[in-house]
Every structure is written in structure tokens, then in C-alpha cells.
Amino acid sequence: MYKRLSSVMFPIFAVLLIGALVWGYQENQEKNAILIKAENQYQRAFHDLSFHMDKLHSEIGNTLAVHATSQGMHRKGLMNVWRLTSEAQNEINQLPLTMLPFSETEEFLSRISNFAYQASMRDLTNEPLSEKEMGNLKKLYANSSEITKNLQNVQQRVISDRLRWMDAESAMATEEQTMDNTIVDGFRTVNKKVQEYPELDWGPSVSSIYAKRSVKKLDGLPMTKEQIQSKAAKFSDAEHGKIQIQENGKGTDWESYTATIDQSKDSKLMMDFTRNGGLLISYSDTRPIGTKKVTRKDAMSKADQFLSNKGYKDMKAVNYDEFGNLGNLTYVRKQGDTLIYPEKMSVRVGLDNGDVTGFQASDFVYEHQKKREIPKAALTVEQARKKLNPEFEESYARKSLIKNDYSKEVLCYEFGGRINGTKYKIYINADTGMEEAVEEIKPVNETT
């Protein structure tokens, strides 16, 4: 009996053992192949980063080498600087630096990129590079040289010692000091050097991109929890006792309050308020959304009525889209006959009954603090219309205040229409007649 059982089971176990060994070998081979592929990608990105930083240093030098009146060469050089910084940023994003402090270098490259792009895009014949901008380029030339040398030192060690990025990633994850951290230490050195560079005056257009919003800069006195509770009760028509208030980010630039109202097991209302002034930033109703029954027209009407009832006057819907059983609308404030695009908010509508289920108003809150005087247009709408492509089939025209590529607010004529079978919004500067922006209107879900 035992011999018979052994003669049957032994081959089965042998086959299973061989199968397990084969499976394990294949798994190990696949794992090694993935690791090799990741290592190759890291190595390629790192060597490309070193190469492009060296090219960036050379390109800044070329831009400085030509005569101050060589606008064409300045434009070409700045465009190349913008391209190379974009390449370097892309390569940094491909490296496993999430656990390594390298943010200073990334922001440094980002500022160079924006400075070079904005300077190259303007009319250098009428507005050549200023002495301050040339001074900035000289400092960037010296700084990029130092960064390049540091990266090349790391690169030489990587090649000569056959260092692996996978080991560096492991060292960052485990913080193990016994491992060779040449790569990690090299990048820390670069980041520390960049952090020590004196702050450059990039000009208002670049600086505005990095200007941080702070609730402390908002008008209004700091609110107490009780005051926020009253505001939440007024907005939601709920009883004070049912509203729970949570304080967020105390002592930071992002101090705020969250009001929560439990309506049922599956539904609650949540509202975020700024601490200064108690301004409502966002509102959300988490109720389950049923089957779509409401038309776009009715959804827009419901959203208009909601904003009007809640005290948001003179708001104009400029975009509508649908995702499943939710309608999403973008509103901007209208001042006189002009749409103020920086003062925008989004509203979400449940298409089962048309009730508003949420809205986001952070842009509106911060931008509405400014007192704007709409400038007088130098061009008439007829004059601006002549700047359009003759084949553009116009459907409407209106005045709009937008932020251009330099983060500067400019008055434009906004023309909506169609060309080549596609809908567009084209913004023509009301003073210069130049195209400030072109926006394609996607036909997905009947965006209008």
C-alpha cells in the first residue's frame, strides 16, 4: 500500500517542486528585468540632466557674448535657455528624488525657464533686455556653471565607481548610512548651494507666478468658531447645534475652518471658510446622486438661482460640462459690460433634481479683494474684429479682463466662434490688437 502510494505521490510532488522552481526562477528573472529597466531609465535621465545643464550654461554665455543691440540673438538664446531648462526639469522629474530635498534647484530652474520664456516672447526691438535683466543673466551664468560642475563630479563618480541609482533610492528609503550615498550626497550639495544663492529680482511678471496666497493677507478680522458656526448656519439653513467646526492650519498662512453638518447616514454638508473675514472657499453636499433627469438649461438656471440666493451677484456662466450625472459650470463676475475672468468659481449641480451639490470659490475669494477699474479700450470691437482670421465664423463678441502669459491683467475683446470645424475663444488685446490667448472649446459633453 505504501509503495503504491509512494509511486503515485512522488511523481506528483516532483512535478510540483520543479514547477515551483521554474516559477520562482521566472519571477526572479522578471523582477531583475524590471530593476534593470528602471536603473537604465534613471541613468539615462541623470546623464541627460548633466548634459543639458552644461548646454544651459553655454547658452546663457552665448546670449551674454553678443552685442546689447543684438535682439535677434538675444531672442534665440533665451528661447534655447527656456528649452534647455524645460528639458532639465523633465529629467529631474524622472529621477527618484521624492525623498530627497531638491526643491530649491527645481524652483531655481523653473524661475529661469519663466524668465527666459517671458523675455523672449516680448518685442525685444521696442523693449530690449534691461541692465537688470543682463545682470541677472550674468549671475545665472555663474550659478549654472557651479551646478554643472557639481553634477559632473557626481557623474564621474557614478561612472568610475559603477554606482547604481537603485542603491541610491534604497539609501534614501532606509536612511542607511553604511551604503555608498555618493549620488544622494551629491544632489544634496547641489541643492544646498542653490539655496545659498542670493535672491534675484526677476521682475513683477515672473514673481507673480510664485506669489503665495495667504489667508493672512485677506481683508477682515480673524473669526472665532462661534462666528463661523453662524455663517455656516446662515448659508446652509441648518441649526447651530448640528454644525461641527474644525480649525485647520493654526499658526500657518493657510488658517481656515471646516464646518460639517451630518444630514443622514450617506449625506453631509461640508464648508471651508477663511479665518480672516470668514469667507466661504468651498461647499460640498455628499448626498448620493440619482439618475440624470435635468436638462442643461435647467441645471444652469438652478445654478444661477443658487448663486443669486447666496449673495453672489453679477455672476455669469462662461462654461458648462457634464460628467456622468453631474453638471459643472464655471462662473466669472461681470462688472459693467466686462467679464472679470480672474474672479472665477466653479459650481457643481446634481442632474437628478438640479440642486447644487458643491462649489469652489478660492479664486473668487482672493481676486475679489482687489478693487478694479476697467480701463477704456483703445480699439473698437470692429477694429479688433479685423485682427481675426477671415475664415473665423464669429458667434459672439464681448469684453473680458484676463491674465496674460505675464500674469498681467489686460482688457480684451473675447470672440467666440468656429474655424476648421472647431469652436474657439480668441482674446484680442483691446489696446494693441494682439492675440493674447486662444482657447479651444472641446465638444466633449456639449461644453459651451
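User: How many bridges join strand S7 (residues 338-350) to S8?
Analyst: S7 and S8 run antiparallel; strands (E, at least two residues) and helices (H or I, at least four) are DSSP runs numbered from the N terminus. Two strands pair if DSSP finds at least two bridges between them. For S7 and S8, the number of bridges is 4.

User: Before we go on, what kind of model is this?
Analyst: Residues are numbered from 1 along each chain as its sequence is written, and side-chain values use heavy atoms, with hydrogens and water left out. Local features need pLDDT of at least 70 and side-chain atom pairs count only at pLDDT 80 or more, while totals for chains, interfaces and linings use all residues, since this model is predicted.

User: Is S8 largely enclosed or left open, and why?
Analyst: Buried here means under 20% relative accessible area, exposed over 50%, and partly exposed in between (1.4 Å probe, protein chains only). In S8 (residues 356-360), 4 of the 5 residues are buried, so the rest of the structure leaves this strand largely enclosed.

User: In the hairpin of S10 and S11, which residue takes a positive phi?
Analyst: This hairpin has 2 residues between the strands, whereas the one of S9 and S10 has 5, with Ser407 at a positive phi near 60 degrees. In the S10 and S11 hairpin, phi is positive, near 55 degrees, at Asn420.

User: Within what arc do the buried residues of helix H9 fall?
Analyst: Ala299, Ala303, Phe306 and Leu307 are buried in H9. Seen down the axis, they line one face, because their arc (taken from the directions from the helix axis to the C-beta atoms) is 95 degrees.

User: Which exposed residues does the other face of H9 carry?
Analyst: The buried residues pack (contact means heavy atoms within 4.5 Å) against elements including S4, S7 and S8. The face turned away from that buried side carries Lys297 and Asn309.
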